[in-house]
Amino acid sequence: MTIPLRVVITDYEYETLTWEEEALAQIGAEFIKCQCQTEQELIEATCEADAILVQYANITRNVIAQMKKCRAIVRYGVGLDCIDLNAATDHGIMVANIPDYGLEDIADHAIALMLTVARKIVQLNQAVHEGVWDYKLAKPLYRLRGKTMGLIGFGRIARMVADKAKVFGMDILAHDPYVDQKTADLHQVKLADLETVLRSADVLSLHVPVTEQTIHLINEDILAKIKRNSLLINTARGALVDEAALFSALKVGRIAGAGLDVSEREPIAPDNKLLTLPNVVITPHSAWYTEEAQASLQQQAAQEIVRVLLGETPLNLANPAVLTKI
């Protein structure tokens, strides 16, 4: 008797897993749905899996070491902070992410945060709801046309943000040592060193991954270099920003405001001081979400699992060194 392939989803918050069920049914795979909360639960759920789907669960070296026959770990989303890539490589397990499911939506959200903070929409809306009808509560406001947007990182999302920001008449500066001038010219963006971007930007938007080099990229020293009336937008990762330093800078008016879709701790702690500031707009890591983006995310993740189980390489292999071990 042939034992069916076993695919485990370690955790999920989606209302339906129809896309995954349909894709895996086509190859006769058994689909096991879990909501693992602890490392031990992860070990028990995945030890016999041929492949696993992960949303937020922390797939540590210890969890990976107990996997007897796993061929693939696929993460719903872009970031791979929750998966020990080195351990997966050591054990011959391919790891894939889904880097392009909601790019347009994240870019839209970055622009939305910029507009909301720049026009002080939240403060004015709250005042009206409280019975106060007075535009002067928003003073001072500054128009965006002619201002400079500084992008730290110039990948696909940042390029979309640049294209959208130009519609508002903004000039765009970007810092990204991995991007060539030809790419920048295509988007009518000027490349500059980090110091120049920091000192020139009226709006500073973050678009880099979290690495050892970028943790707390925005810190006290960096905030001291930013224009006094500038805005900070972060739709990338919370760990890029030292929140204590940001709070201090905002509190004393060192910068004018911030629009954040991510925080160092998620969900954000109820006592986080940033929540007390009227010049901060925070959304719950929702920039990626539209119905279209979620469907694409789930479809692509399921398709990557199917590819690996059919003996192919995933389209978005995150640990290519593993190919020498398979």
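**Note on the salt bridges**

1. R307 and E304 are both buried (under 20% relative accessible area; exposed is over 50%, partly exposed in between, with a 1.4 Å probe and protein chains only). Their side chains meet in a salt bridge, 2.9 Å from N to O. A salt bridge here is a side-chain nitrogen of Lys or Arg within 4 Å of a carboxyl oxygen of Asp or Glu. R307 and E304 are 3 residues apart in helix α12 (residues 291–309), about one helical turn.

2. Basis: this is a predicted model, where local features need pLDDT of at least 70, side-chain atom pairs count only at pLDDT 80 or more, and totals for chains, interfaces and linings use all residues. Residues are numbered from 1 along each chain as its sequence is written, and side-chain values use heavy atoms, with hydrogens and water left out.

3. R199 pairs with E195 in a salt bridge, with the closest N and O atoms 3.0 Å apart. Both sit in helix α9 (residues 194–200), 4 residues apart, about one turn. Helices are DSSP runs of H or I, at least four residues; strands are runs of E, at least two; both are numbered from the N terminus. R199 is partly exposed at 47% relative accessible area. E195 is partly exposed at 32%.

4. K225 also forms a salt bridge with E195, at 3.2 Å between the closest N and O atoms. K225 lies in the loop between α10 (220–223) and β10 (231–234), and E195 in helix α9, so the pair ties together parts 30 residues apart in sequence. K225 is partly exposed, at 28% relative accessibility.

5. The salt-bridge count comes to 13.
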